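Hi,

Here is the structure I promised to pass along. Have a look at it first, and then read on for my notes.

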Amino acid sequence: MTRRHALLAALFLVSACATRAVYSSPDAGMVELEPLLGAEVRADALVIRVTSTGCTAKDDIVWFVERAGNRVAVAFGRKKIDACKAAPQPMEIAFSYAELGLKPGQSVAIVNPLAAR
């Protein structure tokens, strides 16, 4: 392998690490996964915590559920950027199991990255 090939291979590897997580949803097209401040499974809903600067609404968040055998993965993405200028604050958004098409109490994996507070 020449030095040029080694440099190209290194650049390719570094660029692969710089990609962002993207999920495809039938309703929202391609969306970037929303970094979550946290998530909680409650008896009646799945609750996520996101950062808002004043303009985030539940309708701005889309989800995608993927089933593989007994496993269920849920991904959340933001379809509208919160462009307000208020200080960033955590915001809880609850999605009922019925909204997500899940059975109450069903075990799920959330695939979103966790954000630093």
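Which residues have the most contacts inside the largest nonpolar core? They are Ile48, Val74, Phe76, Phe95, Leu100 and Leu102, in a core of 14 residues. A nonpolar core here is a set of buried Ala, Val, Leu, Ile, Met, Phe, Trp, Tyr and Cys residues joined through side-chain atoms within 4.5 Å. Two or more residues of this core come from each of β4, β5, β6, β7 and α2 (97-100). In soluble globular proteins, nonpolar side chains tend to be buried together.

Some ground rules before the rest. This is a predicted model, in which local features need pLDDT of at least 70 and side-chain atom pairs count only at pLDDT 80 or more, while totals for chains, interfaces and linings use all residues. Residues are numbered from 1 along each chain as its sequence is written, and side-chain values use heavy atoms, with hydrogens and water left out.

On confidence: pLDDT is the predictor's confidence in each residue, from 0 to 100. Its mean over the protein is 80, and 73% of the residues reach 70 or more. Residues 3-25 have pLDDT below 50, and this stretch has 20 contacts in the model beyond near neighbours in sequence. Where pLDDT is low, the predicted coordinates should not be read in detail.

Now the overall layout. The protein has two helices and eight strands, running α-β-β-β-β-β-β-β-α-β from the N terminus. Both are DSSP runs numbered from the N terminus: helices are H or I with at least four residues, strands E with at least two. Of the 117 residues, 30% are buried; buried means under 20% relative accessible area, exposed over 50%, and partly exposed in between (1.4 Å probe, protein chains only). Contact means heavy atoms within 4.5 Å. Among contacts between residues at least 6 apart in sequence, 68% join residues at least 24 apart. Leucine 100, for one, touches Leu46, Trp63, Val65, Arg67, Phe76 and Phe95, leaving out residues up to four places away in sequence.

Next, a sheet. Three strands form an open sheet in the order β5-β6-β8, with mixed pairing. Its edge strands, β5 (61-68) and β8 (109-110), each pair on one side only. Strands pair if DSSP finds at least two bridges between them. Strand β6 (residues 71-78) runs parallel to β8 and is joined to β8 by two bridges, with alanine 73 opposite alanine 109.

Asparagine 112 follows in the segment after β8. Is this residue buried or exposed? Asparagine 112 is buried, because its relative accessible area is 8%. A polar atom of its side chain lies 2.8 Å from the backbone oxygen of glutamate 34, and the side chain also reaches the backbone oxygen of phenylalanine 76 at 2.6 Å. Beyond neighbours within four places in sequence, asparagine 112 contacts Leu33, Glu34, Leu36, Val74, Ala75 and Phe76.

The whole structure holds one disulfide (a pair of cysteine sulfur atoms within 2.5 Å). This disulfide joins cysteine 55 to cysteine 84, with S to S at 1.4 Å. Cysteine 55 sits in the loop between β4 (45-52) and β5, and cysteine 84 in the loop between β6 and β7 (89-96), 29 residues apart. Cysteine 55 is partly exposed at 32% relative accessibility, and cysteine 84 is partly exposed at 28%. Isoleucine 81 is also in the loop between β6 and β7, and is exposed at 72%.

Best wishes

Key: A polar contact is a pair of N or O atoms within 3.5 Å; within protein, one must be able to donate a hydrogen and the other to accept it, and residues adjacent in sequence count only if both atoms are side-chain atoms.
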